[in-house]
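Hello,

Here is the structure I promised to pass on to you. Have a look at it first, and then read on for what I found in it.

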Amino acid sequence: MDPVFKFKFPFDNDLLFKEFESVRHTLTEYADPRNLMPSSNWLVSRELEKENVPYVNNITKALVIKYGITGYVSPRFYMLTKNTILRDHIDLNTKCSINHVILGEESPVTYTGYGAFFYETALLDTTLTHGVMNKGDDRILFKLSIFDETFDQVKSKLL
Ligand SMILES: [Fe+2]
């Protein structure tokens with residue numbers, strides 16, 4: 001079974017980009033206690049609950065309610081800078097995530113053993129090895145990290 005499940009959700013890209021710009025100053029290098037990914041090119045703004053980003057917070061609630069996602073979820077912005085590689089990894093603690101590419105759809109996520117997947121909005125299995133080779137401009141993602149439900153569990157709710 002593919003580790004990426006594409007679906008449609010009516011994200012407002014202009015609003016997402018506007019809110020991304022408003023918290024751009026909070027981007028920090030992704031820090032991983034496993035030290036697998038020292039990464040000046042992979043930046044995250046992960047405490048969006050504390051920021052003035054009403055659209056992000058509304059869309060998070062809307063996704064949770066529409067699909068009945070349970071447990072802890074956390075909205076984040078990520079940026080992979082232009083022409084850089086996010087090395088193969090599995091995500092820390094996250095079971096799966098809903099990713100929406102705000103900018104940079106031209107670069108796929110590549111899963112070891114499964115191949116490359118281009119997507120705009122998708123559920124991703126973050127427990128399997130994956131990476132991104134960004135061959136374009138800065139790649140900006142809205143990501144809803146899901147900690148308590150598996151890819152299969154959430155996928156069954158998206159169908
Ligand atoms: Fe990842």
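Strands β7 and β10 run antiparallel and are joined by three bridges. One of the residue pairs here is valine 109 with its bridge partner in β10, valine 132. Before I go further, please keep in mind that this is a predicted model.

β10 also pairs with β5, again in the antiparallel sense and over three bridges. Leucine 86 has valine 132 as its bridge partner in β10. Tyrosine 111 stands opposite glycine 115 in β8.

Put together, these four strands form an open sheet in the order β5-β10-β7-β8, with antiparallel pairing. Its edge strands are β5 (85-89) and β8 (115-117), each of which pairs on one side only. On average, neighbouring strands of this sheet are turned by 25 degrees against each other, direction ignored. If you look at β10 (residues 130-133) in side view, you will find that His130 and Val132 make up a covered face, while Gly131 and Met133 make up an uncovered one.

**The chain as a whole**

Stepping back, the protein chain has three helices and 11 strands. Along the sequence they follow the pattern β-α-β-β-α-β-β-β-β-β-β-β-β-α. Along the principal axes, the C-alpha atoms fill a box of roughly 40 × 35 × 30 Å. Of the 159 residues, 31% count as buried. Among contacts with a separation of 6 or more, 81% come from residues 24 or more positions apart.

Leaving aside neighbours within four places in sequence, phenylalanine 77 is in contact with Phe20, Val23, Ser45, Ile140, Leu141 and Phe142.

Leu123 can be followed through the strand pairings. β9 is mostly covered, with four of its five residues buried. β9 pairs with β1 in the antiparallel sense over three bridges, and phenylalanine 5 has leucine 123 as its bridge partner there. β9 is also joined to β6 by five bridges, the two strands running antiparallel. Here isoleucine 98 has leucine 123 as its bridge partner.

**Helix α1**

Which residues of α1 are buried? They are Leu16, Glu19 and Phe20. Seen down the axis of α1, these buried residues fall within an arc of 105 degrees, so they line one face of the helix. Asp14, Lys18 and Glu21, on the other side of α1, are exposed. The cover over the buried residues of α1 includes α2 (54-67), β4, β6 and β11.

Serine 97 lies in strand β6. Is serine 97 buried or exposed? It has 23 C-beta neighbours inside 10 Å, and the cut-off for a buried residue is 20 or more, so serine 97 counts as buried. Leaving aside neighbours within four places in sequence, serine 97 is in contact with Leu124, Thr126, Lys143, Leu144, Ser145 and Ile146. The C-alpha atoms of serine 97 and phenylalanine 151 are separated by 7.9 Å, although these residues are 54 residues apart along the chain.

Aspartate 12 lies in the loop between β1 and α1. With 11 C-beta neighbours inside 10 Å, aspartate 12 counts as exposed, because the cut-off for that class is 12 or fewer. Aspartate 12 and glutamate 47 are 35 residues apart in sequence, and from C-alpha to C-alpha they are 21 Å apart in space.

Technical notes:
Residues numbered from 1 in each chain as written. Predicted model: local features only at pLDDT ≥ 70, side-chain atom pairs only at ≥ 80, totals over all residues. Contact = placed C-beta atoms within 7 Å. Arc of directions from axis to C-beta. Pairing = 2+ DSSP bridges. Axes fitted to C-alpha atoms, helices over the stretch in contact; angles between N-to-C directions.
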